[in-house]
Amino acid sequence: NQPLHVIRTKALENTQNVAQPAENWEFKDEAGNLLDVDKKVSDFGFVNAVTLFLSLKAGVAGG
């Protein structure tokens, strides 16, 4: 029951994706809707199990 930004940080650490700051990553749902990382998972009212996608924001590239 933590905000998505906490889950984002843990997911990036667990997968060793630390080359980009956590703020450069965003969560989307299966339909491609951008999710507010300051909200808790419970705030979204997901009824069933859902898959969330964590990806780099558009325009962010490694150099």
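Visitor: How many helices and strands are there in the protein chain?

Guide: Welcome! This is a predicted model, where local features need pLDDT of at least 70 and side-chain atom pairs count only at pLDDT 80 or more, while totals for chains, interfaces and linings use all residues. Residues are numbered from 1 along each chain as its sequence is written, and side-chain values use heavy atoms, with hydrogens and water left out. Helices (H or I, at least four residues) and strands (E, at least two) are DSSP runs, numbered from the N terminus. Here the protein chain has one helix and three strands, in the order α-β-β-β from the N terminus on.

Visitor: Which residues of helix H1 are buried?

Guide: Buried means under 20% relative accessible area, exposed over 50%, and partly exposed in between (1.4 Å probe, protein chains only). In H1, residues 4–14, the buried ones are Leu4, Arg8 and Leu12.

Visitor: Why are they on the same side of H1?

Guide: An α-helix has 3.6 residues a turn, so residues three or four places apart point the same way. Leu4, Arg8 and Leu12 cover an arc of only 75° around the axis (using directions from the helix axis to the C-beta atoms), which puts them on the same side of H1. The face turned away from that buried side carries exposed Glu13 and Asn14.

Visitor: What do the buried residues of H1 pack against?

Guide: They pack against strands S1 (25–28), S2 (34–35) and S3 (53–56), a contact being heavy atoms within 4.5 Å. Across the 63 residues of the protein chain, 19% count as buried.
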